[in-house]
Structure formats: C-alpha cells, structure tokens
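Reader: Hi! Could you walk me through this one while I have it open?
Author: Happy to, send me your questions as they come.

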Amino acid sequence: MRRINGMRMIVLLLALSTVPALADFPPMAIAGKVGTQGLGGDLTLGLTSNLNARIGISGLDFSIDDYTASDVEYDASFDLFSYSALLDWYPFDNSFFISGGVVFPDIDAQLDATPSENVTIGDTTYTPAQVGTLSGKLTNDTDIAPYLGLGWGNALSEDKRLGLLMDLGVAFTDASHVTLSSTGIVSAADLSKEEADINSDLDDWKIYPVIALSLYYRF
C-alpha cells in the first residue's frame, strides 16, 4: 500500500511542478541508473533554464551471509525499493547541480540464524537445540524521506543527447526496527530484550547514502 500511495504523491508533485511549463512543451529526458538504491530509471523535465524536475524509481535485492546483530550471526536478505521526486538546480553555467526533494522508501529484510554453538539471547545462554532457528523481520516505517544532494551532468543539456549524470546525496529516514521469533524454547522476555538491543543499534542508522550513475537520453 505504501508504494501505491507514494506513486500517487509523485504524480501530484510532478503535475504541480510542471504546470507553468506545460504550455512551452518542456524538454524531456529518460535515464537508466545504478547505485546504492539499486537499478532503476529517471524521467527528467525542464522547468526553467537552470531548474529540472526529476522523478525516479529504483529497486535492489541482495543477501549477506554472517550478518552480525547483537552478537548473533544471521543470513540476511534485503529488499529495497523507492520512488523519488527531485528538483535539480544548476547555479553555475556548467554541469554541477544541487538536488532537493523527497524519497518514498520501502525497506525490508529477513534475518535467519541457526546457531552451531551456544549463544546469549537477552539475559540467557541457550544451546543450539534450544534456539532452533532464530528469525527476524526488519522493517522501516519511513513514508517520506527528505533528500539533499549534489551532482554532475545535465540530462537536458543542448550539447548532446546522450551522456552520464552522477548523484551524491543522503536521504533522511526513520530508524529501522526488528521483530524476532524462535522455533525453539527461547523465552518471550529474552526475545524482547534481544529486539531492544538490535533496535538500539539501528537507531544510529537514519541516513541512507545515495550514490548513483545514470546514462541519459534527451528527446
């Protein structure tokens, strides 16, 4: 549901931002991109001679073996998805730009641990047989993340139709949080304390770095 609502908001933002320029048929470009948000694409529209509007979509799935959280090693599978709505301002007569806008993120991960030796969960040390499989669900409830960045390249440059554009920036998100379960006999109190320990570590991760390289084509 969050993805559908995010897309509706992007459509609204795009419509509002381009109304003044529609009568002039603003220049347009599309781009494929790769970066820390995964693989995706952008649509760029020119608003003024030094201001572009850009909407994008990105997705990334990856796994990490032996991901350590609160001294327990997990196999982790991450699923990242996002929409973005940005304004790129070119303050100088070159390809340097400053970006501001919003990102609509959808961040999830599945954690699974099957210990082969004794582990401490909460306040208790458990044997592998007592733990069974320890599973965690990581989610992030951020609906809208402010974005600030800079970059080089102009998809609407009159010099060339095909070129590269680089983004460097940060999206300011809420902290992620984890819920745990066990197929063994781990107590609810110890699972709750383990969740609190992991979530305390995740509180420090409220900034998502954005690095992306795009190949654009101007119509």
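Reader: Let's start in β12: which residue is the bridge partner of F172 there?
Author: That would be I207. Keep in mind that this is a predicted model.

Reader: Thanks. How many bridges join β10 to β12, and which way do the strands run?
Author: There are 11 bridges between β10 and β12, and the two strands run antiparallel. Strand β12 covers residues 207-218.

Reader: And what about β9 and β10, how many bridges there?
Author: Six bridges join those two, again with an antiparallel run. β9 is made of residues 145-152. As one example of who faces whom, G151 stands opposite D167 of β10.

Reader: Which residues of β10 are on the covered face, and which on the uncovered one?
Author: The covered face has G163, L165, D167, G169 and A171. On the uncovered face you find L162, L164, M166, L168, V170 and F172.

Reader: Changing topic: how many salt bridges does a search of the whole structure find?
Author: Six. In general, side chains of opposite charge can pair when their charged atoms come close.

Reader: What does K33 meet in a salt bridge?
Author: The side chain of D42, at 2.9 Å from N to O.

Reader: Are K33 and D42 buried or exposed?
Author: K33 is buried, because its relative accessibility is 10% and the cut-off for buried is under 20%. D42 counts as buried too, at 8%.

Reader: Where is D42 in the fold?
Author: D42 sits in strand β2, residues 38-48. Its C-alpha atom is 9.7 Å from that of Y83, although D42 and Y83 are 41 residues apart along the chain.

Reader: OK, now K193. Which residues does K193 form salt bridges with?
Author: One partner is D123, at 3.9 Å from N to O. K193 lies in helix α3 (residues 188-202) and D123 in the loop between β6 and β7, so this pair ties together parts that are 70 residues apart in sequence. Another partner is D197, with the closest N and O atoms 3.6 Å apart.

Reader: Where does D197 lie relative to K193?
Author: Both are in helix α3, four residues apart, which is about one turn of the helix.

Reader: Which residues do salt bridges with shared partners join into one network?
Author: K33, D42, R54, D88 and D167.

Reader: Last topic, the surface. Which residues gather in the patch of negative charge?
Author: D65, D66, E73, D75, D112 and E117.

Reader: Which strands each supply at least two residues of that patch?
Author: β3 (51-69) and β4 (72-89) do. D65, for instance, lies in β3.

Reader: Is D65 buried or exposed, and why?
Author: Exposed, because its relative accessible area is 59% and exposed means over 50%.

Definitions and conventions: Residues are numbered from 1 along each chain as its sequence is written. This is a predicted model: local features need pLDDT of at least 70, side-chain atom pairs count only at pLDDT 80 or more; totals for chains, interfaces and linings use all residues. Side-chain values use heavy atoms; hydrogens and water are left out. Buried means under 20% relative accessible area, exposed over 50%, partly exposed in between (1.4 Å probe, protein chains only). Two strands pair if DSSP finds at least two bridges between them. Patches are made of residues with over 30% relative accessible area and no salt bridge: like charges are joined within 9 Å, nonpolar side chains (Val, Leu, Ile, Met, Phe, Trp, Tyr) within 5 Å. Accessible areas come from the Shrake-Rupley method with a 1.4 Å probe; for residues, only the protein chains shown count as cover. A salt bridge is a side-chain nitrogen of Lys or Arg within 4 Å of a carboxyl oxygen of Asp or Glu. Lys and Arg count as positive and Asp and Glu as negative; His and the chain ends are not counted. The place of a charge is taken as NZ of Lys, CZ of Arg, CG of Asp or CD of Glu.
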